[in-house]
There are 2 protein chains.
Amino acid sequence: MTNTLDITKREQTINLGAGPSSLPTSVLLEAAQGILDYQGTGMGLTELSHRSKTFQALMDKTEADLRALMSVPDSHAVLFLQGGGTEQFSATALNLLAAHAVHNPDYFATNGNQGPPCDYAVTGSWTAKAVKEAARLGANTNVAVDARKVEGAGGKFGSIPRVSEWKLSPVASKPAMLYYCDNETVDGVEYPSPGFPLDQLPEDYRKTVPIVADCSSNILSRPIDVAAHAIVFFGAQKNVGPSGVTVAIVRKDLIVDPDAGVAHGGPRIPTTLVYKNMLDNGSLYNTPSMFAIYASGLVFDDLLRNKGGVAGATERSAQKAALIYGVIEASEGVFLPTVRQASARSRMNVTFRISKPGQNQPDEKLEDAFVKRCAEANIVQVKGHRSVGGIRTSLYNAVTIEQTQKLAEVMKTFARDAKDGKL
Amino acid sequence: MTNTLDITKREQTINLGAGPSSLPTSVLLEAAQGILDYQGTGMGLTELSHRSKTFQALMDKTEADLRALMSVPDSHAVLFLQGGGTEQFSATALNLLAAHAVHNPDYFATNGNQGPPCDYAVTGSWTAKAVKEAARLGANTNVAVDARKVEGAGGKFGSIPRVSEWKLSPVASKPAMLYYCDNETVDGVEYPSPGFPLDQLPEDYRKTVPIVADCSSNILSRPIDVAAHAIVFFGAQKNVGPSGVTVAIVRKDLIVDPDAGVAHGGPRIPTTLVYKNMLDNGSLYNTPSMFAIYASGLVFDDLLRNKGGVAGATERSAQKAALIYGVIEASEGVFLPTVRQASARSRMNVTFRISKPGQNQPDEKLEDAFVKRCAEANIVQVKGHRSVGGIRTSLYNAVTIEQTQKLAEVMKTFARDAKDGKL
């Protein structure tokens with residue numbers, strides 16, 4: 001008995017969604033077979049026991065491939081979690097506060113029953129949410145920088161202020177963490193690569209304060225120095241796989257039993273958010289999100305073995321971003337980048353407004369016309385986030401150079417037509 | 001361009017796994033197409049924005065179908081969550097404690113800074129875990145009954161003591177909840193249907209104390225009186241869909257902003273566990289586990305429109321269970337039920353040990369031989385949970401009567417061979 005899949009329309013479509021976003025067709029074709037009969041077991045992948053040897057082998061390979069792709073050192077655990085990046089807003093702070101309480105049992109009592117500072121670098125919508133959540137949960141948060149509030153920002157995100165201007169907590173106050181987001185999906189703001197801002201931090205701070213990076217929307221698009229971080233986490237649904245799984249790469253010496261810290265001011269943490277439970281059980285503390293892990297593993301395998309690993313993705317990302325930013329630059333004011341600091345413009349999420357030539361003013365009618373032009377060329381999901389407006393074309397790993405070239409052509413024609421008064 | 005799926009071996013396989021467990025082939029075939037091109041959009045379902053109209057329509061239909069299947073009243077919200085049943089061990093207690101704090105702002109201070117009692121009926125491994133988790137999080141837990149500790153239990157689960165013997169907290173102490181598990185997957189213990197234990201509870205208790213049911217492993221296999229419950233929740237990966245989504249059906253007047261209760265002794269709740277966030281955002285507070293919701297929706301549609309709804313499932317479940325328990329009964333001591341109380345034997349998870357005839361003693365060699373016999377008949381995933389041992393054949397909704405008949409035949413032949421000394 002056989003069954004056939006129709007991918008005709010898929011092959012014609014260019015999906016530039018900001019996430020959940022497109023995945024390689026080859027991966028999804030393999031997954032389609034896998035959910036009906038995984039590797040000849042007669043059972044679909046999501047119908048297997050998560051305690052079976054077959055699924056354990058999948059978990060092992062998925063972790064090994066990710067470790068190879070990212071050069072994850074043995075000092076760090078790789079955890080496959082649920083709840084999305086949003087749950088990690090809570091989990092990163094809670095687990096690091098627990099570690100702080102366990103490692104510094106006298107801290108809370110000797111500091112007037114106040115927990116250690118948690119530093120946040122707010123450069124976009126996601127870090128703004130992360131610091132709000134940590135404060136809700138009782139953390140002693142410190143906004144080291146808020147990019148909306150620096151000179152020239154006008155209350156909007158669109159730059160990454162120099163680290164020398166950040167108001168970091170004193171090292172002597174033993175901060176529990178410094179949190180940043182490597183690429184702000186909504187705002188199109190990305191830290192310039194590589195190694196920034198770590199190499200700009202004061203040395204004693206960098207060496208003692210656990211550093212947390214939210215890499216949900218640019219992971220596997222360029223190298224990251226995992227060893228320099230306490231936690232690197234990312235939701236799957238951009239460069240990795242379908243929504244439903246979140247990976248947290250965590251330095252093992254910071255993974256503690258939180259219950260041992262409660263008497264010392266540490267937080268009570270719901271069991272599924274406790275990193276130690278996941279570490280001790282190889283991410284199988286409870287039933288995981290099996291399909292999302294499976295498809296993510298197929299993406300890892302494909303990137304590692306067929307597409308040159310992270311080095312290959314880095315090169316392609318640079319090419320794609322250069323192409324589209326080049327078109328924006330050459331548009332003579334038709335396309336207006338929303339990120340004012342050129343070095344902070346994201347390679348993943350290219351955000352811009354559209355103006356009549358010479359007016360330097362967003363024009364929603366022109367933006368609607370552009371979305372329509374894209375649709376006519378089968379280029380979809382290009383509207384900007386509702387909080388920012390305008391256009392956002394996301395150039396994640398699954399978007400090919402050929403697809404990016406087609407986008408560039410549509411943009412060029414549109415800019416020319418705008419200048420010729422044809423719109 | 002087309003692609004072909006091979007389901008030959010799948011069609012020959014009978015998967016009796018206890019969960020994650022089998023799903024209808026028709027559902028998975030549709031899902032296979034859907035992950036490559038969902039309804040002719042040119043994009044796979046997991047590649048769509050979760051904020052798109054297309055995905056919103058899927059959410060709306062999925063909720064409407066589930067409401068129709070379960071006759072969910074308007075008084076109750078249907079929330080699609082992540083984190084599995086295990087996360088609901090935390091979330092049910094935390095959210096109901098928050099509601100209690102908001103609705104009874106003076107309670108904490110006037111009760112010596114102690115929260116309200118939370119009653120638990122422990123009848124198997126999952127409720128044992130649930131009460132442990134609530135206590136970890138600081139709840140004032142009361143084990144109203146522990147089925148391992150009643151007379152004749154010998155420290156093992158295998159019965160449901162009468163509600164009149166439970167030590168419920170006094171109504172005057174304003175308990176925050178009573179928690180039970182309708183079907184204990186590991187132990188094969190299920191409450192007799194219908195309406196038990198609710199109708200055995202004292203009337204004032206039943207009318208005032210929020211009642212929580214974990215129905216992860218028997219939902220949609222028989223009716224449940226949702227209106228009588230504060231919360232009915234279930235992980236998908238038994239009768240519903242692939243792992244990755246958990247449904248919580250919650251009485252709306254108990255859904256509060258937990259931050260408003262913190263000053264009154266209520267807990268701080270990580271944002272993804274806060275029911276109010278999910279209610280206010282139609283379960284799209286953050287990116288949901290899209291594939292799991294999608295496939296669950298296909299199962300709801302199939303059950304509602306093709307398979308007679310919950311009434312049809314109830315009838316088939318009864319037939320399947322009667323068939324297998326009948327074979328056990330007729331085996332003259334070869335198959336030994338592990339649940340000593342006949343009325344508490346699960347229709348979903350039939351758990352038994354295997355003995356030499358007349359010895360009434362589990363024989364692991366015979367059990368291994370039985371697993372092998374099953375494998376020869378392409379009947380797979382029948383080993384008992386590691387904490388119980390023996391055999392567990394799970395007869396979830398996707399297991400057909402024909403497949404159950406094949407299992408019955410294998411069991412009958414095995415019992416005969418055992419009695420004939422052929423094993």
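**The interface between chains A and B**

In this predicted model, 72 residues of chain A are in contact with 72 residues of chain B, contact meaning heavy atoms within 4.5 Å. Local features need pLDDT of at least 70 and side-chain atom pairs count only at pLDDT 80 or more, while totals for chains, interfaces and linings use all residues. Residues are numbered from 1 along each chain, and side-chain values use heavy atoms, with hydrogens and water left out.

Me: What is the area buried between chain A and chain B?

Reply: About 6,000 Å², with carbon and sulfur atoms giving 54%. Buried area is the accessible area (1.4 Å probe) that two parts lose on being put together, summed over both. A:Leu36, A:Glu47 and A:Arg136 supply 12% of what chain A buries against chain B, more than any other three residues.

Me: What makes the pair A:Arg136 and B:Asp259 a salt bridge?

Reply: The term requires a side-chain nitrogen of Lys or Arg within 4 Å of a carboxyl oxygen of Asp or Glu. For A:Arg136 and B:Asp259 the closest N and O atoms are 2.9 Å apart, so the pair meets the definition. Four salt bridges are counted between chain A and chain B.

Me: Which element gives the largest share of the side of chain A that touches chain B?

Reply: α2(A), with eight residues. That side of chain A divides into 26 nonpolar, 33 polar and 13 charged residues.

Me: Why is A:Asn286 called buried?

Reply: Buried means under 20% relative accessible area (1.4 Å probe, protein chains only). A:Asn286 has 7%, so the term applies.

Me: What does the side chain of A:Asn286 reach in chain B?

Reply: The side chain of A:Asn286 reaches the backbone oxygen of B:Gly83 at 3.1 Å. Leaving aside neighbours within four places in sequence, the contacts of A:Asn286 include A:His50, A:Arg51, B:Gly84 and B:Thr86.

How values were computed. Chains lettered and ligands numbered in written order. Helix = DSSP H or I, 4+ residues; strand = E, 2+ residues; numbered from the N terminus. Nonpolar A, V, L, I, M, F, W, Y, C, P; charged D, E, K, R; others polar. Buried < 20%, exposed > 50% of the residue type's maximum accessible area, 1.4 Å probe, protein only. Polar contact = N/O pair within 3.5 Å; in protein donor to acceptor, adjacent residues only side chain to side chain.
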